[in-house]
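Colleague: I have the model open and would like to go through a few of its parts with you. Could we start with what you mean by a buried residue?

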Amino acid sequence: MPAPSLLQTSSATQALTPELGLVCITTSQAVRYKTLTRKRLLLMSPAEQTEALRSLYAENLRRLHLALTFCQEQGIRLYRLPSGLFPFADMAVGRAVLEELVEPLGQVGQRAEELGLRLVLHPEQFVVLNSDNPTVIENSILVLSALAYQFDLMGLPQSSWTVMNIHGGKGDRAERLVQNIQALPETIRSRLTLENDEHTYSAAEIFDICRAAQVAMVFDAHHHLVHEQLESYDDPSVAEMVAAAQTTWPDPTWQLVHISNGRETLRDPRHSDLIWTMPEAFRQMPWIEVEAKGKEDAIAKLRQEWLPDIISVAS
């Protein structure tokens, strides 16, 4: 699934009309997935585990196609897959079941390409590549390997077009993080991106790590605002970090950023239902993941109130 086929518009046009991305599920029941707890799985016999995962994976594949249809109907061209789409795929039993789905998973990637839909992913927070505990690092790499394998089976490119985005992890361990990223298998490292957070790694610190590790940076405006205790999304440092992050992407038209707003106050780290304030610097961003709790409603609000102004200025 070559990335350039998804970039049908010119980079100039795309920069003037940002694509707003849906994160995992919808507020309605249109996009939902099944889950299975580890406790429940481990109570089963090996044969029962296999059958349970076969049923779960098949059902989530069906629901994933419903998600692609939803994105098609809503004109959404960026979709973040749930990290738990195929739970326990980092275990032998899960990987074996996943290997039975080579053809249907390939069909997902092919359909996404036909729809012009970019697929990305954000692994769970327990993925920490610079932990003081070697077991945590080993388990993190197992999880990332399983997720990368899912992308491979879908035929998605091994590049930062198909993002697997993580946070910096353990504080004051930047050098260890760089070293461990550089040692990752290519199927992981080529897709890995790093994101600044509210408390541990600032945008400037993550930028330095991304430059050293040679991976792309996903700039999160709200995390930056909270971390730096800013009074506005239009603080000059926002535009500066957007521009800096862009230099880490192999293709500037692939640059991905995140937006959320505080639930009750400007610097409230909890996400609001809708997006009320957008950074001026995001007007030129090609891809924006909307991390509001309102999901598709937040995207609809931005399309109604924010995008028309951008298109009007461009015209």
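Modeller: A residue is called buried when its relative accessible area is under 20%. This is a predicted model, and S260 counts as buried in it because its relative accessible area is 0%.

Colleague: Where is S260 found?

Modeller: S260 sits in the loop between β7 and β8, the latter covering residues 287-290.

Colleague: And what does its side chain make a polar contact with?

Modeller: The side chain of S260 makes a polar contact with the side chain of H271, at 3.4 Å. Leaving aside neighbours within four places in sequence, S260 is in contact with H222, Y233, H271, I275 and E291.

Colleague: How about the ends of α10, what caps the N-terminal one and what follows the helix?

Modeller: D220 caps the N-terminal end, with a side-chain oxygen 3.0 Å from the backbone nitrogen of H222, and the helix is followed by Q229, whose phi is positive, near 55°.

Colleague: Switching to α6, how far does that helix reach?

Modeller: Helix α6 has 20 residues, 134-153, and reaches 29 Å from its first C-alpha to its last, which is close to the 28 Å expected at 1.5 Å a residue. N133 caps its N-terminal end, a side-chain oxygen lying 2.9 Å from the backbone nitrogen of T135, and after the helix comes G155, with a positive phi near 80°.

Colleague: Which of its residues are buried?

Modeller: The buried residues of α6 are I137, S140, V143, L144, A146, L147, A148, Y149, Q150, F151 and L153.

Colleague: Now the helix pair, α7 and α9: at what angle do they pack?

Modeller: Helix α7 (residues 174-182) and helix α9 (residues 203-213) pack at an angle of about 35°, with their axes 9 Å apart, and the crossing is right-handed. On the α7 side the contact is made by A174, L177, V178, I181 and Q182, and on the α9 side by I209, A212 and A213.

Colleague: Staying with α9, is I206 buried or exposed?

Modeller: I206, which lies in helix α9, is buried, because its relative accessible area is 0%. Not counting residues up to four places away in sequence, I206 touches G168, L194, E195, N196, Y201 and M217.

Colleague: Then to L194, where does that one lie and what is it in contact with?

Modeller: L194 lies in strand β5 and is likewise buried, with a relative accessible area of 0%. Leaving aside neighbours within four places in sequence, its contacts include L177 and I181, and also I206, I209 and C210.

Notes. Residues numbered from 1 in each chain as written. Predicted model: local features only at pLDDT ≥ 70, side-chain atom pairs only at ≥ 80, totals over all residues. Heavy atoms only, no water. Helix = DSSP H or I, 4+ residues; strand = E, 2+ residues; numbered from the N terminus. Expected span 1.5 Å × (residues − 1). Buried < 20%, exposed > 50% of the residue type's maximum accessible area, 1.4 Å probe, protein only. Polar contact = N/O pair within 3.5 Å; in protein donor to acceptor, adjacent residues only side chain to side chain. Axes fitted to C-alpha atoms, helices over the stretch in contact; angles between N-to-C directions. Left-handed = near helix turned anticlockwise from the far one by under 90°. Contact = heavy atoms within 4.5 Å.
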